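Take a moment with the sequence and the model before reading on. The paragraphs below go through it part by part.

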Amino acid sequence: MVTDPVERRALTAEVFLVFALTLGLSGVRSLLSLLDSLLQPEPLSDQTVALNVPRAAANLIDLAYQLVSAGQLGVWGGLGLYLLWRSGIGPRMIGLGRDRIGGDLAGGAGLAALIGLPGLAFYLVTRAIGINLTVVPAALNDVWWRAPVLIIAAIANAWAEEVLVVGYFITRLRQLGWRENTSLLAAAVLRGLYHLYQGFGGFIGNLIMGLVYGRFWQRTNRLWSLVIGHALIDLVAFVGYTLLRDHVSWLP
């Protein structure tokens, strides 16, 4: 734990600036998006929010936009790693070593199954009772690069979120003297906040995911498992939706 007042202020300012530039700012935008949705005459379940949408009319420019967006997420995660490294906490110390690849893959698959299947059921329930928007995981045009870009997006999302919200954030809160349970709850609430654009169900579901993933990391210190598990969930959602939307009646 950091006890020097000057260093504590510097760490607090660092955490604020990191999240003001990254996922914290996304949380503010997400809250504003939800407020706008609540002010619409239609109920939340009749409104749609799409992920992975086209960003340009020209296919190659759209591809460039998608790759730049994924690259930005990669840099966000890299920023968290760099700041930890500068303070003497290397990637291996937060569970990004290469010494337990098999265990990390197994752990990631287990976390994906634990969160992914109940998460889908939870989404359908919250949408049915009207507290969540209809989420379209992928709305890209039918172009040759759609599947690779969705895979890259899934990995980039997982990398940025797990490195920043778990590896970086909880580590910094530990250094500031926060208790493990308090740090865990703070990280989970942050994860829920930047998913508020999906509705209250998106907040609650991601809050629960944050509690499960954060506790797993606190007990095992294996961040790769979280990144892998998260990437698998997003991969199934993005690519699976694209493949099944014309064949499954309950998909929007």
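A salt bridge is a side-chain nitrogen of Lys or Arg within 4 Å of a carboxyl oxygen of Asp or Glu. This is a predicted model, and it holds eight salt bridges.

Start with Glu 14 and Arg 172. Their side chains meet in a salt bridge, with N and O at 2.8 Å. The pair links distant parts of the chain. Glu 14 sits in helix H1, while Arg 172 belongs to helix H5, which covers residues 146–175.

Move on to Arg 222 and Asp 99. Their side chains also meet in a salt bridge, here at 3.7 Å from N to O. What does this pair tie together? Arg 222 lies in the loop between helix H7 (200–220) and helix H8 (223–244), and Asp 99 lies in the loop between helix H3 (59–86) and helix H4 (101–128), so the bridge joins parts that are 123 residues apart in sequence. Arg 222 has a relative accessible area of 7%. Buried means under 20%, so Arg 222 counts as buried. The pair also has partners. Arg 92, Asp 99, Asp 104 and Arg 222 are linked in a network of salt bridges.

A further bridge runs from Asp 142 to Arg 146. Their closest N and O atoms are 3.2 Å apart. Arg 146 is buried, at 14% relative accessibility.

Now follow H3. This helix has 28 residues. From its first C-alpha to its last it reaches 40 Å, close to the 40 Å expected at 1.5 Å a residue. Which residues of H3 are buried? Among them are Asp 62, Gln 66, Trp 76, Gly 77 and Gly 80. The leucines Leu 63, Leu 73, Leu 81, Leu 83 and Leu 84 are buried too, along with Ala 70. The buried residues of H3 pack against H1, H2 and H5. After H3 comes Gly 88, with a positive phi near 95°.

Two asparagines also have a positive phi. Asn 52 is not a glycine, yet its phi is about 50°. Asn 52 lies in the loop between strand S1 (48–50) and H3. With 17% relative accessibility, Asn 52 counts as buried. Asn 221 has a phi near 55°, again positive in a residue other than glycine. Asn 221 lies in the loop between H7 and H8, the loop that holds Arg 222. Asn 221 is partly exposed, at 26% relative accessible area.

Helix H1 (5–21), helix H2 (23–38) and helix H6 (180–193) each give two or more residues to its lining. Which of the elements gives the most? H1 does, with four residues. The lining includes Val 15, Phe 16, Phe 19 and Ala 20. Gly 24, Leu 25, Phe 169, Ala 186 and Leu 190 line this pocket as well. What classes of residue make up the lining? Eight are nonpolar, one is polar and none is charged.

Terms used. Residues numbered from 1 in each chain as written. Predicted model: local features only at pLDDT ≥ 70, side-chain atom pairs only at ≥ 80, totals over all residues. Heavy atoms only, no water. 1 Å grid on protein atoms, 1.4 Å probe; cavity = no way out; pocket = protein on both sides within 12 Å on 5 of 7 lines; lining within 4 Å. Nonpolar A, V, L, I, M, F, W, Y, C, P; charged D, E, K, R; others polar. Buried < 20%, exposed > 50% of the residue type's maximum accessible area, 1.4 Å probe, protein only. Expected span 1.5 Å × (residues − 1). Contact = heavy atoms within 4.5 Å.
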